[in-house]
Amino acid sequence: MNGVTAIMRRELQGYFATPLAYVFIVIFLVLAGWFTFNFGNFYNGGQASLAPFFNYHPWLYLFLVPALSMRLWAEEHKTGTIELLMTLPLDVWQSVAGKFIAAWAFTALALALTFPIWITVNYLGEPDNGVIVAAYLGSLMMAGGFLAIGSFVSATTNNQVIAFIVTVVICFVMLMAGFQPLLSPLVGWVPLPIIDAVASLSFLTHFASISKGVIDARDLIYFALLIGTFLYANVLVLHMKKAG
Amino acid sequence: MIECQELTKQFGALLAVDNLSFQVDPGEVLCFLGPNGAGKTTTMRIIAGFLPPSSGRASVCGLDVETHATAAKRKIGYLPEGAPSYPEMTARAFLEFIADARELSGAKRLARLDEVYGLLHLEPVLEQTIDTLSKGYRRRVGLAQAILHDPEVLILDEPTDGLDPNQKHEVRQLINQMSESKTIIISTHLLEEVDAVCNRAIIIAGGRILADDTPGNLEALSRFHNAVSLKPADPSQLQSLRGEIDALPEVVETELDLKSERLTAFFRDRRLSLKAINELADNKGWELSELHLESGRLDEVFRTITGGAHA
């Protein structure tokens, strides 16, 4: 069996061997529902759409994904199992990929378990299911981006709390990059193309267009590049740590 | 085969391993002895591919551990210090994960798993999570993990730490069984282990090799080597016996251990010691409950050799 699969299977087993998986899924579902009904005006909006549901995903991921990713590498460093992992005949990238795919598959599962809300909206009205599928895809890609950042940060430390906080901060900046109050200090002295470039890095901009049903290759490439970049950095950090 | 050439590892200002060179061949069981912080674990980590050396090179079965890392790791079974493992996994799931990561498959995978379960007596705890296991079982799970793929080279960092005397005996037997075909390095603090499993010992302190020899030759460095110890049937005779032995011209000095009621005599010419005492005892008609030739004390050699480096 392939090394990536071996790591992935072990990680997934790890999630379900502890209460972590269940706690995460329950909290994710409860919060997703609560945001949708309380702030999203799912019923009163009078529209057969899941926009009130998807709009809050970035904020949900902002705290839940770092909670999932913080242990990925920090725990291995802390308990010394990193020594076991690094002396198995695997390349570092195989471990990084295996862990990332496991965490991503797990968030996909949590996301899939929100299906009752999709059934509900289809029962109540006639939503555009194409848009909903696109929004699920966009949400999953965004979760992957958050996870890749979290995995990278986790590899830099052996303290899970630090990994959590730093990941939240980086993800928050990535979310808000396109937001006016954050950009306004730059306006006037930084060339406009650079401001545009910073704004275009925002998770929100890219997620917003996908979640409206517009699957633009550029948005998908954005998330794929983001994931690739941070996982590559993750591999580099592990090599650097090894060199002491 | 393991080869280290001028291996050096520096952590900031600390020189953990200082220009080590040695070679270990199949059939050899090499023991690293040394005080804490001597560089034993660091050396093992470099050979296992966990740490890169600052300079010098290490190779396993002809494969450089840096440039052919993955191929070298396939040849090695490694028990890291403290036998780390994933606490939330069951012993079975953990070993199956190792089997997968080492790309064992099909009948061979099942056969190897069954064999290590048996060799390390893990059957009763296979379904228990590792965090509920005793220290002895955890160490055995770690050993099982290291020998699972039947590697040519074994690197075991304190393999018997935390085991009770029976378990220690079993693990030593296991190492002895495997030693015929494999190249093995172990580290230990237990000097009795050196005699029990090793045919070569390297004493390290301050990252340097201070001695590299067979356990027998190292023991011969001891001043106890070929000294004679005896115990009179009647303890009250100890002092008078000591006086008569001291009077022998070949005897350099005698030592009295009041706790064990034993007298030890050190000779100028070590080869003649037992004969001289025997003759004396016969002539005087001593009644001895014990008389033997000392082979040498490794702990004393260890202290003598590492004492300077430590202080």
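Two residues are taken to be in contact if their C-beta atoms, placed from the backbone, lie within 7 Å. The structure is a predicted model, in which local features need pLDDT of at least 70 and side-chain atom pairs count only at pLDDT 80 or more, whereas totals for chains, interfaces and linings use all residues. Residues are numbered from 1 along each chain as its sequence is written, and chains are lettered from A in the order in which they are written.

By the contact criterion, and leaving aside its neighbours within four places in sequence, Ile47(B) meets Ile2(B), Cys4(B), Ala58(B), Val60(B), Val65(B) and Ile155(B). Ile47(B) also belongs to the largest nonpolar core, where Ile47(B), Phe94(B) and Ile155(B) touch the most other members. A nonpolar core is a set of buried Ala, Val, Leu, Ile, Met, Phe, Trp, Tyr and Cys residues joined through C-beta atoms within 7 Å; a residue is buried if 20 or more other C-beta atoms lie within 10 Å of its own, exposed if 12 or fewer, and partly exposed in between. The largest core comprises 139 residues, to which helix H9 of chain A (residues 129-155) gives the most, with 13 residues. Another core, of 10 residues, lies apart from it and includes Ile245(B), Val251(B), Leu263(B) and Ala265(B).

Helices are DSSP runs (H or I, at least four residues) numbered from the N terminus. Between the chains, 22 residues of chain A are in contact with 24 residues of chain B. On the chain A side, two or more residues each come from H1, H6 (81-86) and H14 (217-243), and H1(A) gives the most, with 6 residues. This side divides into 9 nonpolar, 9 polar and 4 charged residues, where Ala, Val, Leu, Ile, Met, Phe, Trp, Tyr, Cys and Pro count as nonpolar, Asp, Glu, Lys and Arg as charged, and the others, Gly among them, as polar.

The axes of H1(A) (residues 3-17) and H3(B) (residues 91-101) come within 8 Å and cross at roughly 160°. Axes are lines fitted to C-alpha atoms over the stretch in contact, with angles running from 0 to 180 degrees between N-to-C directions. The crossing angle therefore makes H1(A) roughly antiparallel to H3(B), a term applied to angles over 145 degrees. The contact involves Gly3(A), Ala6(A), Arg10(A) and Gln13(A) of H1(A), together with Ala93(B), Phe97(B), Asp100(B) and Ala101(B) of H3(B). These residues divide into 4 nonpolar, 2 polar and 2 charged.

Notes: Angles under 35 degrees count as roughly parallel, over 145 as roughly antiparallel, 65 to 115 as roughly perpendicular and the rest as oblique.
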